[in-house]
Amino acid sequence: MKKYGKILGAIFLISCHLTSVAFANGDVCDVKKSAELGKCDIVIETKPNASVLVQILPASKSLNALDNENTIGDSIKYFRNIVADENGKASISVELEDSGEYMVYAKFEGNEQIDADDGNKFYFATKDKYEDIIERLNEKLSNDDFNGFKTILLNKNDSGIDNTQAIGFPSDLTIDYDKAAELLYNNVKTSLMGTDAKKNSALVNACIGIEALKENKTDNAFPFLEEYLNISAEFEKFSSRHIKSENAEKKFSAILKNELNSLTNAELDQIVKPAQKALILTVVNYPENAGTNIKEVMNAYKGILAENGLNTLSENVRVYDLLKSKNLSTIQQLVTEYNSALATVNNQGSSGGGGGGAGGGGGASSGGGNTTSSRNPDTIIYDGELPPSVGQKLDMNFEDLDGVDWAYSAISRLYEKKIISGYSENQFKPSNTVKREEFVKMLVCALVLDGEVAENPFKDTKGDWSENYVAVAFKHNLVKGIAEDIFGKGREISRQDMSVMIYNGLLACGYKPTGYSYNFDDEAAEYAKTAISELSGLGIVSGVGDNKFNPTANSTRAEAAVIIDRALNYFNKGE
């Protein structure tokens, strides 16, 4: 959720008064929290393997001082040449001797000079300074002295601005900081404040965010609440996956404000449940993957729904598809709409999207398998538009798809794009397992690479119908053989190998890994863990239930069609 949020306030021992500085050529220099007290991280984004000169000056010093100094002294407090990695990123941990305001400048390769306007201003506090401020605040808390606490926190009649900046008050947001300080005071006076800067930063920013919401500054409140929510109740796992647009963030903030109206002087942990409610409703209004997202989030927070009379949730994703883009503002409205959607699907005689084996369509796991929702292990979750009801046919003559209506929409789209075909004019054989070369053909066609010609390095595909598909896939690093010159033609493809091929397709299209971790209970091969984690995080594949992925199981043709169909949303190839 960092994409649209402007993170302000103290993070560990550092307060950034500006967002990251971006240059005309796309280079970025930013200051972020460090995992170690008394340090800050300088983060660089530039060209791959480019050299960058980083220099830090006191904010009171002129950039012109750099013309006369090239060593650490009064003007230059830090300088170092660093080289970005192959992705154009670099991070260095910096420890400064004194607390205070500083400016960081970056001279990127190819730039002749540093512009004075390109500096990024930040506040740094040493470990001793931070602990001294906390001790002074706790003294006021112990004496039940709110005015004294507020004076230190808000820097009123106190010497030096560094005291407040180290903790995070005030920020650039225009709100009533007296009320925000009172909210913080009421929530720490019984336990005092520790020197866990991450926790303190989250508390401070949550108080600022709550006050911003109460003053109708919803657009600005979200990033302040974000840090606190991210350390609470696994909220981040779902919010970072499902709230991806600026409109969704605004909707989330608006709903959360309504939920928080009665929280004057409330305990801060009470914002978690309202945030969960706001998340559910936001996903209904702005679903990234239609009913799949809605189903996952509703299952994750089913306790909240139960409090509003909804005790059992359907496994049929078609129910959740009917909820998408509803303009709902309360959980009770959602319950009413859900019951209506369930009745509609039941009246259509839908069986609940079943059949077809071990699940590959995604949507039941989050953050690379960290959390799975309650689901039938034999249910495939699909993405996209609502599939036709049983008996309604598109431009296909397949007579064997009635048992896989959950995959009908995906199969029809891929058939129309000529990505898949049947065994005959009227037989698709959706339950048949998929051979390695068959899946490679689907992937190559999905990436619109089927018009290319490539040299084939595998002797077991020479002269086979699949020869050029495999050769093109190898050329684009989509596949490898099971040996140097053996592709493995005729072998059934495993779930983990299918995931690796899809993931390689994403990388070929410029996808940047997000760092989802692999936390399924059953172990996949090392070469496949990153692929499974990333695809699971994106909702392209999922576990099979009980937090298992079943990596060595084989996939059916219907499952493969669903996964390819979902991956098309990320390939950005063709229609």
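**A tour of selected salt bridges**

Begin with lysine 529, which counts as buried at 17% relative accessibility. The model on display is a predicted one. Now include Glu526 in the selection: Glu523, Glu526 and Lys529 are linked in a network of salt bridges.

Proceed to helix H19, residues 557-571. Of its 15 residues, 13 are buried, and the helix is thus mostly covered. The end C-alpha atoms of H19 are 20 Å apart, which agrees with the 21 Å that its 15 residues should span at 1.5 Å a residue.

Within this helix, select aspartate 565 together with arginine 413. Their closest N and O atoms lie 2.6 Å apart, and the two residues form a salt bridge. This pair links distant parts of the chain, for arginine 413 sits in helix H14 (residues 405-416) and aspartate 565 in helix H19, 152 residues apart. Arginine 413 is buried, with a relative accessible area of 17%; aspartate 565 is also buried, with a value of 7%.

Finally, select lysine 150 and aspartate 178, a salt bridge whose closest N and O atoms are 3.5 Å apart. Because lysine 150 lies in helix H2 (residues 146-154) and aspartate 178 in helix H4 (residues 177-188), the pair ties together parts 28 residues apart in sequence. Lysine 150 is buried, at 16% relative accessible area, whereas aspartate 178 is partly exposed, at 26%. The structure holds 11 salt bridges.

How values were computed: Residues numbered from 1 in each chain as written. Predicted model: local features only at pLDDT ≥ 70, side-chain atom pairs only at ≥ 80, totals over all residues. Heavy atoms only, no water. Helix = DSSP H or I, 4+ residues; strand = E, 2+ residues; numbered from the N terminus. Expected span 1.5 Å × (residues − 1). Buried < 20%, exposed > 50% of the residue type's maximum accessible area, 1.4 Å probe, protein only. Salt bridge = Lys/Arg side-chain N within 4 Å of Asp/Glu carboxyl O.
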